[in-house]
Amino acid sequence: MIDDSGAARITRVIPIPQTVSPEARKLLAQRPGPAPATLAENRERTDTFRTRRSAEARKLFPVQVTEKMVGGVRTDWITPPDIPEAKRNRVLINVHGGGFITDSGSLVEGIPIASLTQTTVVSVYYRLAPEHPYPAAVDDTVAVYRELLKTHRPSVMALFGTSAGAILTAETAVRLRQVGLPLPAALGVFSGAGDLANPGDSLAIFTLSGFAGPQPELEQHGSPYVGKTDPRDPVLSPLYADVKGFPPTLFVTSTRDILLSGTTILHRAFLRAGVNAELVVFEALPHAFWYNYNLPETREALGIMAGFFDRCLGRQP
């Protein structure tokens with residue numbers, strides 16, 4: 001039913017699609033637990049998930065993890081056991097997901113990519129909101145990138161992230177241009193957004209679990225992170241920035257992703273600016289499904305991501 005304002009009021013039965021793997025169908029049938037009541041509870045739950053999933057990643061993708069301070073920011077250096085000579089000076093910078101208020105993705109995102117690309121990944125532990133709203137996360141990521149430029153050419157560097165990290169990836173690229181630093185050779189925007197002023201259509205339809213869970217609330221997503229900044233600030237919301245001349249960028253999302261709209265809208269903005277921007281949309285899966293290592297679709301997605309970075313950085317001596 002469409003009401004007088006144009007809003008849709010929907011009651012439908014949407015069956016589990018047969019177009020995804022059996023493992024994915026099992027995931028889609030799960031019912032999520034109740035949402036955490038407080039920030040502290042949210043962080044505790046997320047830390048538990050991150051620790052468990054990172055341990056799982058290490059079993060599947062053997063790597064060495066070393067903590068280092070880079071540019072005054074804590075980082076983890078994720079190093080595969082055998083790096084070919086041609087890849088030893090490459091570095092992929094990962095900025096994790098977690099809604100800018102928790103850490104859901106450090107190591108979870110970087111470990112498989114480091115292993116599959118045979119490349120060192122530097123995972124950035126940027127400051128979190130609400131204690132540290134924008135631009136803290138951008139400043140920390142720029143500080144790490146600036147320091148790595150002392151030992152690495154931009155042509156052998158890439159920046160990527162999932163969810164909040166995908167948003168931060170595009171934001172950091174805009175800030176790098178503002179401060180006159182060379183851009184990396186590639187960007188990975190894996191389920192992100194470029195407009196924090198306007199919630200996309202998918203935010204009104206989906207939850208983090210797809211259709212499961214409580215009805216989405218059309219709040220300004222990332223508001224603890226936005227703080228008092230104008231949400232149309234061109235760094236905070238790269239949709240309002242000039243991205244002409246940006247490096248090749250891979251966008252990945254899925255049809256039940258809460259950030260499906262945000263990802264595809266930013267992808268189109270990159271295309272309008274003439275950027276070599278690829279978009280891969282998976283079927284039926286929820287937000288950041290590639291955190292689930294048992295899905296065949298995850299293995300496919302990680303392979304696409306790793307192949308993209310190898311293509312963009314692999315031509316360098």
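The model is predicted. Strand 3 is largely enclosed by the rest of the structure, because five of its five residues are buried. Helix 3 is largely enclosed too, so look inside for both: six of its eight residues are buried.

- Strands of a sheet pair through backbone hydrogen bonds, either parallel or antiparallel.

- Strand 3 covers residues 91-95. Which of its residues lie on each side? Val 91, Ile 93 and Val 95 are on one side, with Leu 92 and Asn 94 on the other.
- Strand 3 pairs with strand 4 (residues 120-124) in the parallel sense, over five bridges.
- In strand 4, Val 121 stands opposite Leu 92, and Ser 123 stands opposite Asn 94.
- From strand 3, the chain crosses through helix 3 (residues 110-117) to strand 4. This β-α-β crossover is right-handed.
- Strand 3 also runs parallel to strand 5 (residues 157-162), joined to it by five bridges.
- Leu 92 stands opposite Ala 158 in strand 5.

**Helix 3**

- Which residues of helix 3 are buried? They are Gly 110, Ile 111, Pro 112, Ile 113, Ala 114 and Thr 117.
- These buried residues pack against helix 2 (39-60), strand 2 (73-79), strand 3, strand 4, strand 5 and helix 9.
- Just after helix 3, Gln 118 takes a positive phi of about 55°.

**Helix 3 against helix 9**

- Helix 3 and helix 9 (residues 296-313) pack with their axes 9 Å apart, at an angle of about 55°. That angle makes helix 3 oblique to helix 9.
- The crossing of helix 3 past helix 9 is right-handed.
- On the helix 3 side, the meeting residues are Pro 112, Ile 113, Leu 116 and Thr 117.
- On the helix 9 side, they are Leu 302, Gly 303, Met 305, Ala 306, Phe 309 and Asp 310.

**Helix 4 against helix 5**

- How do the axes of helix 4 (residues 136-148) and helix 5 (residues 164-178) cross, and what angle do they make? They come within 9 Å and cross at roughly 65°. That makes helix 4 roughly perpendicular to helix 5.
- Helix 4 passes helix 5 in a right-handed crossing.
- Helix 4 makes the contact through Ala 137, Val 138, Asp 139, Thr 141, Val 142 and Tyr 145.
- Helix 5 contributes Leu 168, Glu 171, Thr 172, Arg 175 and Leu 176.

Conventions. Residues numbered from 1 in each chain as written. Predicted model: local features only at pLDDT ≥ 70, side-chain atom pairs only at ≥ 80, totals over all residues. Heavy atoms only, no water. Buried < 20%, exposed > 50% of the residue type's maximum accessible area, 1.4 Å probe, protein only. Helix = DSSP H or I, 4+ residues; strand = E, 2+ residues; numbered from the N terminus. Pairing = 2+ DSSP bridges. Right-handed = clockwise from strand over helix to strand, strands pointing away. Axes fitted to C-alpha atoms, helices over the stretch in contact; angles between N-to-C directions. Parallel < 35°, antiparallel > 145°, perpendicular 65-115°, else oblique. Left-handed = near helix turned anticlockwise from the far one by under 90°. Contact = heavy atoms within 4.5 Å.
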